[in-house]
Every structure is written in C-alpha cells, then in structure tokens.
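I opened the model to look up its disulfides. My notes follow.

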Amino acid sequence: MGPLRTEFGFVVLLILPWFLSVVADEPKPATPGCDFPAIFNFGDSNSDTGCMSSAFYPAILPYGQTFFHDAAGRASDGRLIIDFIAEKLGFPYLSAYIDSIGTSYRHGANFAAGSSTIRRQNRTYFDGGSPFTLEIQTAQFVQFKARTAKFFNQGKENPYTVNFPRPEEFAKAIYTFDIGQNDIALGMGHQDSQALISDMLENFLKQIKILYEQGARAFWIHNTGPIGCLPLSMPKHNANNNTAVQTFNSFWHIKENTVENQKENDVAVSGSLDENGCVIYANDIAKDFNSKLKNGVLKLRAQYPDASFTYVDMFSAKYELISNSKREGFVDPSEICCGYHEDGYHVNCGNKAMIKGKEIYAGSCKDPSKYISWDGVHYTEAANRWIANRILNGSLSDPPLPITHSCKRTP
C-alpha cells in the first residue's frame, strides 16, 4: 500500500482483547500440512517489514509501539498480516531483503516495499514513489536464489549458509503476494479503469510465471482491499484540505484546491458513498481488478498443474470488519488512531507541524486496539490480527484450504 514517509511527514499508499477476538472455526483437514520450510513475500506497505526503512529514512515512533515497542519498519502500530502468517506457519518474522543489519533469511525473505506497485512507476521516492516495483522485487528474488546457491555449491563449509534457505527449499516454500492497491490509487481518475486493470494483470501474471520458472510451486495470492474505505479516501477527511501543511494528498493525487483542479479532485474523493461511508467508485475498480485477478489465477492453475495457486479474498475480509466494526469492538472505521486530521489540516503520524501559530504533534490515540485504521491508510495490529484470523483458515480462499495446507493442488 501507500508510501510511508517519516522525515518529511508524508504518507501515501485493535488489538481486541483475546476473549473478544472473533476467529472463525479452523477446518480440520484430514491430510497432513505442507510443512513449508520458508516464506518469500512480495508486496507493498501492507506487508513491508523494513525495506523502505532500510533503503531510505527509518520509520519513527509511534509506528511499532504496540508490539515491538519501537519503530520496526512496519506501517502499523504493530504486526502486519504477513507477521501473523509467519506465526501461523511457525516461522520467525520475515526480514526485509534489503535490510543488512542482523538479518537472517533462514526461513525466507521479504521483498515487499512501501509505495510499490505492480506496474513500473515514473516517480521517485521524494514524489511518493518506490523503485521496488513487483518486477524489481522478482529480480531481487532471482538474484537472492542464485547467490544463495553459490554458498552451498562451493564444496566447502561456508559460515554464511546458516542464515540462508537450503537450495532445495526454494521449491518447497510458500510464495505470498499482497500488491495492487497503489496501482489503483495512482491510476484512478487519470487512466481508463479497464486499461489500468488489464495492464496490472498482465504485469502481475508475468512475474508469477518468472517465479514459477525459478521453481516456485505454492502461491498464496491476496486480492486488493477496499481502497474506498480507507479513512483518508473519505470526503470527511478531504473536505477543505489545507495545503499549508504536509498532507496525505499524494496518496490520492489530489491537487491544490483551485477551480481548475476541482473537477479532478472530485473524482478521487467524492462520488456516491455506500452504507459504511466508503467511496463506491474506488471500491468498484478494486472489485473489477479482483474479479479479473481471480480469472487469471484459474488460468494459471490450468497452465501449471504441478503448482498450487490460492486466491485469497482480502477485500471481503477487510470489508466484513469495516461493516461490523462496532459489533467487533472497534470504533467507527472512519476514525484514525495516529495523526492529526482536523479542519482540513493533515499532519502525519509521528510528525509535527505549525498550525495557526501552534505546534501540533500528531501522536497516537490512547488505545490503538479499538481502531481499525492506524494512520488513515494502513491498518492497526488489532485489525490485522482480526483479518489474518479470518483468511488463514481458508474460509475466504479458492480453493478453500487453510494456509497450512495450501500446497495441495486442485484441478
């Protein structure tokens, strides 16, 4: 999802008490689990565990405060869904591929990076972009696999091998994906939606095929979430935007509020809203992409019958939580835990700004476990936990297998 900016105050892409957590009953498969030896993850800030913080400016508190008690390179107050996936499979949390300090890749690597897209970008980091598109992430994996093999093929003991997967484990690993939301945010209002979706799908499937050629055989693919339900996409947080302060506008590409730009701005932040206050236009594009992504996954199954491809309906899981927020113990889903968003002013989580002659520190809410949205674009640890519990048992997957059994092939 959108980029995380800490030095410049610029963001673009609850822990429920245990006794209140809603966890769907775990199916009890008769067959043994997959026993994956490693995870290789690809995506954006929904699953970035430190790439952008290592490559550019580090994340700052209160990011990470809930679980890590320090900024841990994640766009949340704590753990992400990929962290709960690692826990479910019995692995330590994934290290970012680009993180060179104290890093172990014994059980996989994380290539995801905040602000990343499926398609190539024409923006720099300072424009809210990322150099780590899915194409680059795939290239990084290919290099990682090749260099790892060299360690094990030198014919002598190498002290580095303890921190890397065995060459034979790459084919037995699970490959996870959560990317596409930034493509929609960037293209919405600037490009025909059908052309955008077609280009996204073509580029995504191309990278999947490259990974297959590299030996990957188990694919766990998240569709994209309800982008129109992100609080900072809602009109309540975009009305009367004041550009005197660094804002989240770059996520939605909203221009300064002049007459000539108003029409374009309206495309991004207005339009019909659904019963949850979500922007229907944005969610419809996400749904259209998801439908075509699912068809693409079905074609992959037919083309590569020796591999497993699991399509995970992340949209439905997130929308279910948003629709039932109060019943599940959360505040209104439009509320933002960290950051300052009042009277058209936006100061991003962990940053300071002068507003009307007064210094404002955009800190965290008192209890992040009651919020779905952490910073207006990303989810809290509590929401991530709820969503992970909803998807990892296979009830929202095609085929309907838990992640522990997702290596099983279906016709």
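Is the disulfide of Cys 338 and Cys 349 left-handed or right-handed? I read a torsion of about 80 degrees about the S-S bond, so this disulfide is right-handed. Cys 338 lies in the loop between helix 9 and strand 8, Cys 349 in the loop between strand 9 (345–347) and strand 10 (352–355), so the pair ties together parts 11 residues apart in sequence. Helices (H or I, at least four residues) and strands (E, at least two) are DSSP runs, numbered from the N terminus. The two sulfur atoms are 2.0 Å apart. Both Cys 338 and Cys 349 are buried (under 20% relative accessible area; exposed is over 50%, partly exposed in between; 1.4 Å probe, protein chains only).

The model is predicted: local features need pLDDT of at least 70, side-chain atom pairs count only at pLDDT 80 or more, and totals for chains, interfaces and linings use all residues. Residues are numbered from 1 along each chain as its sequence is written, and side-chain values use heavy atoms, without hydrogens and water.

I searched the whole structure and got 4 disulfides (cysteine sulfur atoms within 2.5 Å). Their pattern is 1-8, 2-3, 4-7, 5-6, counting bonded cysteines along the chain.

Next I checked Cys 34 and Cys 407, joined S to S at 2.1 Å. Their torsion is about -95 degrees, so this disulfide is left-handed. The two cysteines are 373 residues apart. Cys 34 is buried at 16% relative accessibility; Cys 407 is partly exposed at 23%.

Cys 337 and Cys 365 also form a disulfide. Their link is left-handed, with -85 degrees about the S-S bond. I find Cys 337 buried at 4% and Cys 365 buried at 15%.
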